[in-house]
Amino acid sequence: MNRRFSRVESGADLKDYFDRGDIASRENRWNFEVAWEVANKVGGIYTVIRSKAYVSTEEMGEQLCMMGPYKEQCARTEMEEMEFPRGNPLLDAVNALRSRGYKIHTGRWLVDGNPQLILFDIGSAAWKLDQFKLEMWEKCNIGVPHLDIETNDAIILGFMIAEFLEEFRNFAIAYSQNNELSAPRIVAHFHEWQAGVGLIVLRTRLVEIATVFTTHATLLGRYLCAGNTDFYNNLDKFAVDEEAGKRQIYHRYCLERGATHLAHVFTTVSEITGYEAEHLLKRKPDIITPNGLNVKKFSAIHEFQNLHAVAKEKINEFVRGHFYGHIDFDLDKTLYFFIAGRYEFGNKGADIFIESLARLNAMLKHEKPDTTVVAFLIFPTKTNNFNVDSLRGHAVIKQLRDTINNVQQAVGKRMFDTCLKGHIPGPDELLQKDDLVKIKRCMYAMQRDSMPPVTTHNVADDWNDPVLSSIRRCQLFNSVHDRVKMVFHPEFLTSTNPLFGIDYEEFVRGCHLGVFPSYYEPWGYTPAECTVMGIPSVTTNLSGFGCFMQEHISDPKSYGIYIVDRRYIGLENSVQQLTNFMMEFSRLNRRQRIIQRNRTERLSDLLDWRTLGIYYRQARVKALQAVYPDYVDESTLYGSRNNLIFSRPHSEPPSPSSSRHTTPAPSVHGSDEEDSVDEETELKELGMK
């Protein structure tokens, strides 16, 4: 596979085309984006569609419309219902389908950009399910089991969307003729197999609409990786029909493969997923469309560093409560590592993370016994409420703080009164016996016979839980001698969480290193989110994000992106490599970590939708040219796009890499304070005068 084919030849970036749809309107060009997760939060595709909405509307304006299923619970909070203006072909097409008995909701999505929305009530067309299935069988020979509710819903949604687009095209042609406009050029972009049914119907009914299909992860790939298969070394050997049949997803696989082959342009979100699609779906992607984020740029270079310090203090509060009675480590010399995501133990790399932490624990005991690592594992799973010991710890710490605050106020008042009388108070006058009794009571309440718990909740299936089983095997029990402490938090973080009291984004900002050694990760939003917040992360060359960074950065490690090789070396070597990366990071002093965070945050431009949205635009242009050969893209007037490559930082010492420091420059003695970046090369590197 060509490593460079995601580098399209168009403009400098998508900002060149931010005209709110002016050019698209003149060209009578329409763009429809279809996904199951439009205004319907289920998984990662929701983040893709939602975060891309702003740049999409800045480019296409009112010529863009997003479509998906109507899920009342989500739509109530995410959609502002309103009708399209009269005379608009969108309204005519909606009314045509409503006259057939379909319930359709129109309006705007309450996210950045406020794109137009059309949501289809699947239940209103359920009476035609048998008819839809019959057509799918007669034209495609794909049969769908009656009891597969998810696929039934996908079939209904796909046919409703295809009928809408067919009607819209007819009304758009009539509208264009009546208003002496050029013929409409329509492109429909479908995400994942659930939406892909609509693409299949459009193509089998020979509707003249350009189509793009994007797969964010192949169905069969997800199932195969979940079964502890040596996936990437055997991709060319799998009997795909047999494997899909054994897992009872053959009909879904056929729908995904059908959409892949019928689309005018096929895209995947990463090079590694493209390699997977080539073997499992039997088609090479035409373009790679990496996923981006809306990046908030700060006016001051240290603003995100300040956010890190504030969030870290909140995590410190949790650690004080969770490890009460065993706070024998210095929080200023404590590092916070974390892993988070769907609870796919092997796919997300939690297995090698825990194994590497056990080895890191042994290395820290020997080399840096004053450094402590607290490792958070955030995977949602079934629980029986909070761990009583965790809640008690926070109550005890709160009581101690309240008591000391009261004593502090009393001591201050006594000191003021004594000094007012003209003499210096002695220790016995300030801290009275009652105060000491109160403090001692709180300190005795902090004593505990047991070690701090590994988990914050009572996990429902404790003995079979893979994370807890792995922690037991590695004997990481938070003993006083361990330099690596474990915290398994089996639910997502929210600001209403009684233990942390912060949401996920703030938690990420407060940590020092995100560790995501995934085996199967088509893109990888978790390390991408770390990067735009200026938090270094560990990823792998089997994740889309890791491959993207390897391609666009000459030396990813110098920018705080540590890439573990899980593709070309054995598992033992991968574990050792991850351990070495974490140990290297643990050796950094505070000043070096600040410099690295500044470098990591600089990569945020690379992951902004303003940069990466250009790939989606190129996919649409390519599809339009396949259906409308006379279409000439005005963007070609802007010239070709420069390859976006981040070189090694100027302050990074030269090769050989084995002789390089693990960070840009050795620290000057006594320069560990937060703002003591004082060498000229580093100041220049950070863009500071």
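Me: What makes helix 20 (residues 544-552) largely enclosed by the rest of the structure?

Reply: In this predicted model, 8 of the 9 residues of helix 20 are buried, so the helix is largely enclosed by the rest of the structure. Buried here means under 20% relative accessible area. The ones that pass are G544, F545, G546, C547, F548, M549, E551 and H552.

Me: And what covers the buried residues of helix 20?

Reply: The cover includes helix 11 (271-280), helix 19 (525-532) and helix 23 (609-627), plus strand 16 (537-540) and strand 17 (561-564).

Me: Okay, next one. Why are helix 5 and helix 6 called roughly perpendicular?

Reply: Check the angle! The axes of helix 5 (residues 129-140) and helix 6 (residues 149-178) cross at roughly 80° and come within 10 Å. Anything from 65 to 115 degrees counts as roughly perpendicular, so that's the label this pair gets.

Me: Which residues make that contact?

Reply: Helix 5 brings L129, F132, K133, E135 and M136, while helix 6 brings N152, I155, I156, F159 and E163. Sorted by class, that's 6 nonpolar, 1 polar and 3 charged residues.

Me: How do you know that T371 is buried rather than exposed?

Reply: Its relative accessible area is 7%, and the cut-off for buried is under 20%, so T371 counts as buried. You'll find T371 in the loop between helix 13 (350-367) and strand 11 (372-378).

Me: What is T371 in contact with, leaving aside neighbours within four places in sequence?

Reply: K333, L335, L364, R483 and S586. Take L335: 36 residues from T371 in sequence, but 7.7 Å away in space, C-alpha to C-alpha.

Methods: Residues are numbered from 1 along each chain as its sequence is written. This is a predicted model: local features need pLDDT of at least 70, side-chain atom pairs count only at pLDDT 80 or more; totals for chains, interfaces and linings use all residues. Side-chain values use heavy atoms; hydrogens and water are left out. Helices (H or I, at least four residues) and strands (E, at least two) are DSSP runs, numbered from the N terminus. Buried means under 20% relative accessible area, exposed over 50%, partly exposed in between (1.4 Å probe, protein chains only). Contact means heavy atoms within 4.5 Å. Axes are lines fitted to C-alpha atoms, for helices over the stretch in contact, and angles run from 0 to 180 degrees between N-to-C directions. Angles under 35 degrees count as roughly parallel, over 145 as roughly antiparallel, 65 to 115 as roughly perpendicular and the rest as oblique. Ala, Val, Leu, Ile, Met, Phe, Trp, Tyr, Cys and Pro count as nonpolar, Asp, Glu, Lys and Arg as charged, and the others, Gly among them, as polar.
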